[in-house]
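Work through the exercises below with the structure open. Try each task before reading its solution.

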Amino acid sequence: MQERVENGALIFDLDEPLAGRPVKDIYLPNAYCSILKRVVSNIFSLREDGGLDLVIATVGKCKCDGMRNIASWLERTTDIPILKVENDNAKGAGFPISRSGLPLLKKMELIVNSVFAPLPDGLTLEECAPKCGFWGVPPYDFGILELFPDETHIFGWTRCMENKTPADIEMECEVASGVPTVFFTQSFCQKSAFAYNLAREHGGLYVEVDKMMSHSTRAKIEAFLEFNLGWRGKR
Amino acid sequence: MSAPSPILLDCGTGYAKIFNLEDSTRAIVPARRFIKKLSEYDIKASTGHNLSSGAGVRVNELVALAEGSLSMVDEPDFTVLDCGARDVKYVQIRNRRVAGMDWNTECGAFAGQVVELLTRYLDIEPENLPSDAPRIPVVCGVLGMTSMFDMISKGKSHEEALAGFLRGVAFNCETLVGRPDRLYLSGGLCDNKAFVSAFTRETIPLGRFVLIEGLRKIYSEKII
């Protein structure tokens, strides 16, 4: 792969929206994770343009069962080149972004972008005490993150992602005791079993969103923050 | 032209609940009709789905529900469930403070508009439903309705199938709130006796103005 990159190949994060490539909701069942729908749509969209050399599909404990099944389907029924990989790295790289006082949206962007890009030069990350917690994967709709105060710490798989240990289930289950935490999951995601039961265990708020956050979901999170923190948003 | 009436407003998906601050009267009108007559009102404070602008001070629906139920229920510990047209939500009160809350945000299966649509479609009075119909699992509104019409195709009466559907909705609501011994009910479905009796625990309807009572408390105390 290194050779391909040195020869000018580009790497795309298929989880993320690609400019000019709207998600075509035609490849997977309706009731399916919207992130994986985006991944598959991006794959076919890049392939249509003839610009797809290889799909690197993470299929181990580091990702989710859905991608393993999708990778097998693509391998069996298409000519799309698939490289199945597993990331079982157990050596933590730290998670200063997750514990910093940056706006939650900014924190999430930095973590997601850190897959390919180093942190920006001059970025200082000061740890803050958590007022609130956000547990889960990076959401399809980042707008949800704007509802939270800056002193919100990130937990769950996103923290594992920053730590470069995405298969660390123990870390994924960690939350800050006594800190009001929203347990977020994409609808139709297998990790919703985690989110649902961790929310019950810790007295947090279980939130499930398909694509874009609804009015009800927004109001539910706002109420949770208002009841627990007296927080009424960045107004 | 007369001056706009000062009101407190709970504008839900289906209906607008109005409290007139001048004469302390209450009214319920379809939301679609109310929205067309906005200029007739001076909205001092509001809650609910259907008014995103020009609505005075906005209060979160769950906050209004908590405040309203606290002003209507004297017990230190209780649970109140609001069944709206589009979704259901609840707050759990312990020692007169909010200790828990949740909101079914995605699926209309729980909610009043599905019940209202079905009741109208089948042209059945809720009062005429049997009380011993077996519960239909309502995983989601569409799947629940599919099961209901399957029952009818297998020879069950429309009344029995609808009653089973309502029991399925009530079961989902009970799961959401954690099955307390006693449950207070808010919202339009308080008026549906078949729905209220579909619960398997003591269920006490508080009526359709609980959120309005919350707004009144918040507005009078100027805590917004």
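The model is a predicted one.

**Exercise 1.** Find how helix 2 of chain B and helix 7 of chain B are oriented to each other.

*Solution.* 
- Step 1. Locate the helices: helix 2 of chain B covers residues 61–72, and helix 7 of chain B covers residues 210–221.
- Step 2. Take the geometry. The two pack at an angle of about 90°, with axes 6 Å apart.
- Step 3. Apply the cut-off: 65 to 115 degrees counts as roughly perpendicular. Helix 2 of chain B and helix 7 of chain B are therefore roughly perpendicular.
- Step 4. Look at the contact. Helix 2 of chain B contributes residues including B:A64, B:L65 and B:M72. Among those they meet in helix 7 of chain B are B:V210, B:L211 and B:I218.
- Step 5. Sort the contact by class: nine residues are nonpolar, four polar and four charged.

**Exercise 2.** Describe strand 7 of chain B: which strands pair with it, and is it mostly covered or uncovered?

*Solution.* 
- Step 1. Check burial. Strand 7 of chain B spans residues 88–94, and five of its seven residues are buried, so it is mostly covered.
- Step 2. Turn to strand 6 of chain B, residues 78–83. Six bridges join it to strand 7 of chain B, and the two run antiparallel. B:V80 faces B:V91.
- Step 3. Go on to strand 8 of chain B, residues 97–104. Its pairing with strand 7 of chain B is antiparallel, over seven bridges. Here B:V88 lies opposite B:N104.
- Step 4. Inspect the turn. This hairpin has two residues between the strands, and B:N95 takes a positive phi near 55°.

Key: Residues numbered from 1 in each chain as written. Chains lettered and ligands numbered in written order. Predicted model: local features only at pLDDT ≥ 70, side-chain atom pairs only at ≥ 80, totals over all residues. Axes fitted to C-alpha atoms, helices over the stretch in contact; angles between N-to-C directions. Helix = DSSP H or I, 4+ residues; strand = E, 2+ residues; numbered from the N terminus. Parallel < 35°, antiparallel > 145°, perpendicular 65-115°, else oblique. Contact = placed C-beta atoms within 7 Å. Nonpolar A, V, L, I, M, F, W, Y, C, P; charged D, E, K, R; others polar. Buried ≥ 20, exposed ≤ 12 C-beta atoms within 10 Å, placed from the backbone. Pairing = 2+ DSSP bridges.
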